Amino acid sequence: MTDIFHLLHDSNTICIRGRSEYCCSSESNRLLFGKLCFVLSGVMEVIVEGQQLIFPPNFAVWIPVGASYSILYYKSVDFVQIDIKDSFCTDLPNAACTLALSPLIRAILADFLHRKVTVPVTEDDKRLAEVFIDQVREAPRRASYLPLSDDPLVRSITDALQQNPSDRRSLAHWAQLHGRSERTMSRRFQNFLGISFNEWRQRHKLTVALTMIYEGKDVQDIAEQLGYRASSAFIAMFRKLTGVSPTNM
């Protein structure tokens, strides 16, 4: 376990704090600075001002200055928190949201972690920190890891899948049901949700699975309720999205 390294000082732009946890929750806190939570492996849940945000690797949750938040760490989670000085939070989101991190963001973070840089001190590291913040400003923002849309066609499909996560019907089937071509429906998902139909369905299955795991349900039962013919297929999907097996959650 890597403990919190440093507090954020007035002279610093960011503070990097690494930690590994084994399923616990933090007390509710109110921020005096901006915070970016990034999962290296596993899944985290953050509640910000009552809003629940679940996110796996390659995504981060942004928590703005002044927000009240608490964090639930599922088992075997490796994650990093980046505290950003309030004066550098200009143009960063005013509300909590999920961010898709670019390869450059991940590369800078990996470099800092590799060199055990927790606060930028040298001029080179300060410049890297400012590039990091600029990249966070440009990162695609979503209110949730599982986006929703008010578009009637897209919403009718996502509502149906939310009501029945085991539904195995293809996008071609849904398109035919609504009198549209598969290509048209595919574009609508990309345009209104920013992700494909298959990716949305996988993300939804993941969020449902996490709830079931937290409730103590067996992996085989979860796989069946999510429409998988074999638990191995469910485990493969889960590992692909989180980097860990559901049996280790």
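Trainee: What should I know before we start?
Mentor: The model is predicted, so local features need pLDDT of at least 70, side-chain atom pairs count only at pLDDT 80 or more, and totals for chains, interfaces and linings use all residues. Residues are numbered from 1 along each chain as its sequence is written, and side-chain values use heavy atoms, with hydrogens and water left out.

Trainee: How many aromatic pairs are there?
Mentor: Four. Rings of Phe, Tyr and Trp (its six-membered ring) pair if their centres lie within 6.5 Å. Planes under 30 degrees apart are stacked, over 60 edge-to-face, and the rest tilted.

Trainee: How do F59 and Y145 pair up?
Mentor: Edge-to-face, with 5.2 Å centre to centre and 80° between the planes.

Trainee: Where do they sit in the chain?
Mentor: F59 is in strand β7 (residues 59-63). Y145 is in the loop between β11 (141-142) and α3 (152-163). They are 86 residues apart, so the pair links distant parts of the chain. Helices (H or I, at least four residues) and strands (E, at least two) are DSSP runs, numbered from the N terminus.

Trainee: Is Y145 buried or exposed?
Mentor: Buried, with a relative accessible area of 3%. F59 is buried too, at 16%. Buried means under 20% relative accessible area, exposed over 50%, partly exposed in between (1.4 Å probe, protein chains only).

Trainee: Why is the pair of F234 and F238 called edge-to-face?
Mentor: Because the planes are at 65°, with the centres 5.9 Å apart. F234 and F238 are four residues apart in helix α8 (residues 231-242), which means about one helical turn between them. Both are buried. Ring pairs also join Y228 to F234 and F238 in a cluster.

Trainee: New topic. Which buried residues does α5 have?
Mentor: M185, F189 and L193. They cover an arc of only 45° around the axis, so they lie on the same side of α5. That arc is taken from the directions from the helix axis to the C-beta atoms.

Trainee: What covers them?
Mentor: Their cover includes β11, α3, α4 (171-177) and α6 (197-214). Contact here means heavy atoms within 4.5 Å.

Trainee: And which residues are exposed on the other side of α5?
Mentor: R183 and N191.

Trainee: What follows α5?
Mentor: G194, whose phi is positive, near 80°.
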